[in-house]
Amino acid sequence: MLDYWRQPGWRASWGGPFNGQVFRQQLFVELCSRVPFVAVVETGTYRGTTTMYFRRTTRVPVHSFESKPRHYGFARAHLWRARGVYLYREDSRAGLARLAAVEALPSGPVFFYFDAHGQADLPLSEEVDLAFAHWPQAVIMIDDFAVPDDPGYAFDDYGPGKALTLAYLGRRAAPPVAVWFPACTSSTETGERRGCVVLARDAALVPLIDRMRTLRRWPAPGE
Ligand SMILES: C[S@@+](CC[C@H](N)C(=O)[O-])C[C@H]1O[C@@H](n2cnc3c(N)ncnc32)[C@H](O)[C@@H]1O
């Protein structure tokens, strides 16, 4: 927590919310205008920059998981006055399972932002499975994901079978029904220019997202 006071420059990590990417922020605002989310769940709080943005933008409860004590402490200090923000010092997989077990989220569409990567132990596949298993109206955004036709978007690769690509998602037992990518080229995006993907399964939500200006539909793995 001391880092928060000693290092004020760390308060806007990764250049701001969503890695400082203005188009991604617009995408999120449009998504919220189409889908009546009842809660937001983030994995990988880090310093709480995007967590705070979620709270300011949506006004719905925001749950965020961080496994590293030092990052958790910083985020706690950053968000100590933010009502409706629930921070957990917990592995994302255990945390999602616990949220489901205690029925912590209201029923309805939930926005999941999966950003708990940065090391060889990649929780992403299990995070996607847990979200769709317990919250059928989940809409998932994965950060640091390869945009297949735009190599200017950066993505994470942790070695064989652990690159954040459509092939990684396709290897799962139940691939998502619908997949979207940003409707903006990397050259017109700002900030860190990290790629992302959006996933959904619910038949009522898919047409709402299809109408978005900031997303474009992509054939799902196996489609
Ligand atoms: C890229 S940073 C997240 C950035 C943050 N979402 C933002 O937008 O500012 C990734 C964070 O995920 C955390 N992390 C990695 N694996 C995790 C796991 N299994 N569960 C929870 N947090 C994890 C790391 O400690 C790190 O703080």
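Colleague: How do the axes of helix H6 and helix H7 cross in this model?

Modeller: Two packed helices are described by the angle between their axes and the distance between the axes. In this predicted model, the axes of helix H6 (residues 92-101) and helix H7 (residues 124-134) come within 9 Å and cross at roughly 5°. Angles under 35 degrees count as roughly parallel, and H6 and H7 are therefore roughly parallel to each other.

Colleague: Which residues of H6 and H7 make the contact?

Modeller: H6 contributes Ser 92, Arg 93, Leu 96, Ala 97 and Ala 100, while H7 contributes Glu 126, Glu 127, Leu 130, Ala 131 and His 134. By class, the residues of this contact of H6 with H7 comprise 5 nonpolar, 2 polar and 3 charged.

Colleague: Let us turn to the strands. How is S4 placed, and is it enclosed or open?

Modeller: A residue is counted as buried if 20 or more other C-beta atoms lie within 10 Å of its own. In strand S4 (110-114), 5 of the 5 residues are buried, so S4 is largely enclosed by the rest of the structure. Both faces of S4 are covered: one side carries Val 110, Phe 112 and Phe 114, and the other carries Phe 111 and Tyr 113.

Colleague: In which sense does S1 pair with S4, and over how many bridges?

Modeller: S1 and S4 pair in the parallel sense, over 5 bridges. Within this pairing, Ala 39 stands opposite Val 110 in S4. S4 is also joined by 5 bridges to strand S5 (residues 138-143), and these two strands run parallel. There, Tyr 113 stands opposite Met 141 in S5.

Colleague: Which residues of H4 are buried, and what covers them?

Modeller: The buried residues in H4 are Thr 49, Thr 50, Thr 51, Met 52, Phe 54 and Arg 55. Their cover includes helix H2 (17-20), S1, S2, helix H5 (69-78), strand S3 (85-89) and S4. Following H4 comes Arg 59, whose phi is positive, near 65°.

Colleague: Finally, the ligand. Which residues around the ligand come nearest?

Modeller: There are 20 residues around the ligand, and Gly 44, Tyr 46, Thr 50, Ser 92 and Ala 116 come nearest. Two or more residues of the shell are given by each of strand S1 (39-43), helix H4 (49-58) and strand S2 (62-66). Thr 50, named above among the buried residues of H4, is one of the nearest residues. Likewise, Ser 92 belongs to the contact of H6 with H7 and is also one of those nearest the ligand.

Colleague: How many residues of each class does the shell have?

Modeller: The shell around the ligand has 10 polar, 5 nonpolar and 5 charged residues.

Conventions:
Residues are numbered from 1 along each chain as its sequence is written. This is a predicted model: local features need pLDDT of at least 70, side-chain atom pairs count only at pLDDT 80 or more; totals for chains, interfaces and linings use all residues. A residue is near a molecule or strand if its C-beta atom, placed from the backbone, lies within 6 Å of it. Helices (H or I, at least four residues) and strands (E, at least two) are DSSP runs, numbered from the N terminus. Ala, Val, Leu, Ile, Met, Phe, Trp, Tyr, Cys and Pro count as nonpolar, Asp, Glu, Lys and Arg as charged, and the others, Gly among them, as polar. Axes are lines fitted to C-alpha atoms, for helices over the stretch in contact, and angles run from 0 to 180 degrees between N-to-C directions. Angles under 35 degrees count as roughly parallel, over 145 as roughly antiparallel, 65 to 115 as roughly perpendicular and the rest as oblique. Two residues are in contact if their C-beta atoms, placed from the backbone, lie within 7 Å. A residue is buried if 20 or more other C-beta atoms lie within 10 Å of its own, exposed if 12 or fewer, and partly exposed in between; C-beta atoms are placed from the backbone. Two strands pair if DSSP finds at least two bridges between them.
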